[in-house]
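Hi everyone, thanks for making time for this one. Let me put the model up on the screen, and then we can walk through it together.

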Amino acid sequence: MKLNLLSCDAQRPDRRTIANCIADISSNISNSLANELTEILLEGDFVDIEVEDKNTASALRSLRKLSIDYEIIE
């Protein structure tokens, strides 16, 4: 499943936690790329990631806990 990460509404977002979450839930993103994507997301741009189907529910729950707005693409 593909997700479009739209924004992070947390008052004080934890960059390391967000990067770790992106690396954990995505099927093909390394830690260094997750750090770069986190910076892009926090600057206000959209980020596309792909999540393995077996992890979908826990991935969406993790994003909601971090106050990350997302859109399901497919």
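From the N terminus on, the elements follow the order β-α-α-β-α-β. That makes 3 helices and 3 strands, where helices (H or I, at least four residues) and strands (E, at least two) are DSSP runs numbered from the N terminus. The radius of gyration is 11 Å, close to the 11 Å from the globule rule for 74 residues, so the protein is as compact as a globular protein of that length. That radius is taken over C-alpha atoms, and the globule rule is 2.2 Å times the number of residues to the power 0.38. Along the principal axes, the C-alpha trace spans about 30 × 20 × 20 Å.

A quick word on ground rules. This is a predicted model, in which local features need pLDDT of at least 70 and side-chain atom pairs count only at pLDDT 80 or more, while totals for chains, interfaces and linings use all residues. Residues are numbered from 1 along each chain as its sequence is written, and side-chain values use heavy atoms, with hydrogens and water left out.

Now the strands. Which way do β1 and β2 run relative to each other? Strand β1, residues 2-8, and strand β2, residues 47-50, run antiparallel and are joined by 4 bridges; two strands pair if DSSP finds at least two bridges between them. Here Leu-5 sits opposite Val-47 of β2. β1 also pairs with β3, residues 68-72, again in the antiparallel sense, over 5 bridges. There, Asn-4 has Glu-71 as its bridge partner in β3.

On to helix α1, residues 15-25, which is where you'll find Cys-21. For those of you who like cysteines: is this one buried or exposed? Cys-21 is buried, with a relative accessible area of 9%. Buried means under 20% relative accessible area, exposed over 50%, and partly exposed in between, with a 1.4 Å probe and protein chains only.

What does Cys-21 touch, leaving aside neighbours within four places in sequence? Its contacts are Ser-62, Leu-63 and Leu-66, where contact means heavy atoms within 4.5 Å. Cys-21 and Leu-66 are 45 residues apart in sequence, yet their C-alpha atoms are 8.9 Å apart in space. For the whole protein, among contacts between residues at least 6 apart in sequence, 74% join residues at least 24 apart.

Next, helix α3, which holds Thr-56. Thr-56 counts as buried, at 17% relative accessibility. Not counting residues up to four places away in sequence, Thr-56 touches Met-1 and Val-51.

Most residues other than glycine have a negative phi. Ser-67 has a positive phi, near 60 degrees. This serine is partly exposed, with a relative accessible area of 31%.

Last, the overall numbers. Buried residues make up 35% of the 74 residues. There are 8 positive and 14 negative side chains, and the centres of the two sets lie 9 Å apart. Lys and Arg count as positive and Asp and Glu as negative, with His and the chain ends not counted; each charge is placed at NZ of Lys, CZ of Arg, CG of Asp or CD of Glu.
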